[in-house]
Amino acid sequence: MTISLKTVVVTGAASGLGHSVVLALGKQSVPVWCLDADAGGAEAVATQVRKVGGVAQALPVNISDPVALSSAFERIKNTADPIDGLVTCAGVQNTTRILDLTPEEWDQVMSINLRGTFLCVQHALRAMTQVGRGRIVTIGSDTAKRGGGRMGKAAYGASKGGVVTFTKSVARELAQLKRDIRVNCVCPGPMLTNMHGVMSPEVKEMVESSVPLGRFGTADEVAAGVLFLLSDEASYIYGETLSVDGGVVMD
Ligand SMILES: NC(=O)c1ccc[n+]([C@@H]2O[C@H](COP(=O)([O-])OP(=O)(O)OC[C@H]3O[C@@H](n4cnc5c(N)ncnc54)[C@H](O)[C@@H]3O)[C@@H](O)[C@H]2O)c1
């Protein structure tokens with residue numbers, strides 16, 4: 001797999017899927033900016049990449065804060081080659097059932113998962129449209145396609161459905177520019193990451209039994225899908241939503 005990118009920004013780099021994407025890019029010697037609200041975690045993964053000879057820089061930022069995010073992208077612009085890759089892994093889950101869901105919780109989930117994705121994509125595209133080249137992979141969820149099941153995921157599912165539709169809309173709009181910029185989305189299925197906190201054996205079993213492959217996925221398996229979409233080999237894949245979910249969705 002060939003990934004010919006010079007400056008890739010990964011959000012949610014400190015944990016789970018983003019962490020795996022950063023390490024996988026580091027192994028391919030692709031320079032990465034590790035963005036996360038968790039400053040220590042972002043620094044830790046960047047250090048891990050540098051220890052094995054890769055190029056990585058930590059940049060603590062809350063992606064739901066437009067002012068802080070603008071400064072972060074400005075800093076990258078002033079210190080690195082133009083951004084030509086973006087992977088938006090930062091996200092939060094929320095499992096409050098619909099009858100108890102407050103407008104504040106709804107807004108919090110939307111401001112990180114959906115508005116944060118929009119803002120990061122917009123910042124990255126400002127650089128990519130100037131150089132005429134770029135690869136963007138957003139992160140949706142199986143929930144975007146099938147709804148949130150019994151677990152109170154109305155806000156989360158809506159935010160991820162928004163990410164999928166946002167990604168397709170951006171891809172259609174960008175097509176008119178006729179630049180070498182590809183935009184795609186990966187929809188992971190259930191993975192045992194920090195996002196879920198501690199899961200009881202009963203819930204674990206229930207989730208596993210809903211997956212045709214009969215198990216949780218790993219962040220590395222999702223990262224493999226992300227890296228493929230960033231690679232030159234995916235040159236004709238555009239506006240696509242790739243499920244990496246053990247067969248949960250199958251559409
Ligand atoms: N874990 C799953 O089962 C699963 C399934 C489908 C989709 N996803 C999606 O994959 C993505 C990664 O999830 P994960 O499982 O790796 O979760 P995770 O909790 O392990 O990692 C999420 C990271 O995002 C960071 N983050 C959260 N809010 C932020 C903010 N406002 N600004 C900057 N950083 C912020 C966190 O600090 C954390 O490092 C998320 O978008 C999630 O919705 C996860």
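Pro60 of strand 3 is the bridge partner of Asp36. Helices (H or I, at least four residues) and strands (E, at least two) are DSSP runs, numbered from the N terminus. The structure is a predicted model, in which local features need pLDDT of at least 70, side-chain atom pairs count only at pLDDT 80 or more, and totals for chains, interfaces and linings use all residues. Residues are numbered from 1 along each chain as its sequence is written.

Strand 2 (residues 32–36) and strand 3 run parallel and are joined by five bridges; two strands pair if DSSP finds at least two bridges between them. Within this pairing, Val32 stands opposite Ala56 of strand 3. Strand 2 also pairs in the parallel sense with strand 1 (residues 8–11), over four bridges, and here Leu35 of strand 2 stands opposite Thr11. Two right-handed β-α-β units are built on these strands: strand 1, helix 1 and strand 2 make one, and strand 2, helix 2 (residues 39–51) and strand 3 make another. A crossover is right-handed if, with the strands pointing away from the viewer, the path from the first strand over the helix to the second runs clockwise.

Strand 2 is largely enclosed by the rest of the structure, because five of its five residues are buried. A residue is buried if 20 or more other C-beta atoms lie within 10 Å of its own, exposed if 12 or fewer, and partly exposed in between, with C-beta atoms placed from the backbone. In a regular strand the side chains alternate between the two faces of the sheet. In strand 2, Val32, Cys34 and Asp36 point one way, whereas Trp33 and Leu35 point the other way. Strand 3 (residues 56–60) is mostly covered, with four of its five residues buried.

The largest nonpolar core holds 68 residues, of which Val10, Val22 and Cys34 touch the most other members. Such a core is a set of buried Ala, Val, Leu, Ile, Met, Phe, Trp, Tyr and Cys residues joined through C-beta atoms within 7 Å. Helix 4 gives the largest share of this core, nine residues. Beyond its neighbours within four places in sequence, Val22 is in contact (C-beta atoms, placed from the backbone, within 7 Å) with Val10, Ala13, Val32, Cys34, Val45, Val49 and Ala56.

Met128 lies in helix 4 and is buried, because 26 other C-beta atoms lie within 10 Å. Not counting residues up to four places away in sequence, Met128 touches Ile83, Asp84, Arg133, Gly134 and Ile181. Met128 and Arg179 are 51 residues apart in sequence, and their C-alpha atoms are 9.0 Å apart in space.

The ligand is surrounded by 28 residues, the closest being Gly12, Ser15, Gly16, Gly91 and Thr193; a residue is near a molecule if its C-beta atom, placed from the backbone, lies within 6 Å of it. Helix 1 (16–27) and helix 4 (103–131) are the elements that give two or more residues to this shell, and helix 1 provides the largest share, three residues.

Positive phi values occur at two residues other than glycine. Lys178, with a phi of about 55°, lies in the loop between helix 6 (154–175) and strand 6 (180–188). Lys178 is exposed, because 8 other C-beta atoms lie within 10 Å. Met250 has a phi near 50° and is placed in the segment after strand 7 (241–244). Met250 is exposed, with 9 other C-beta atoms within 10 Å.

How values were computed: Contact = placed C-beta atoms within 7 Å.
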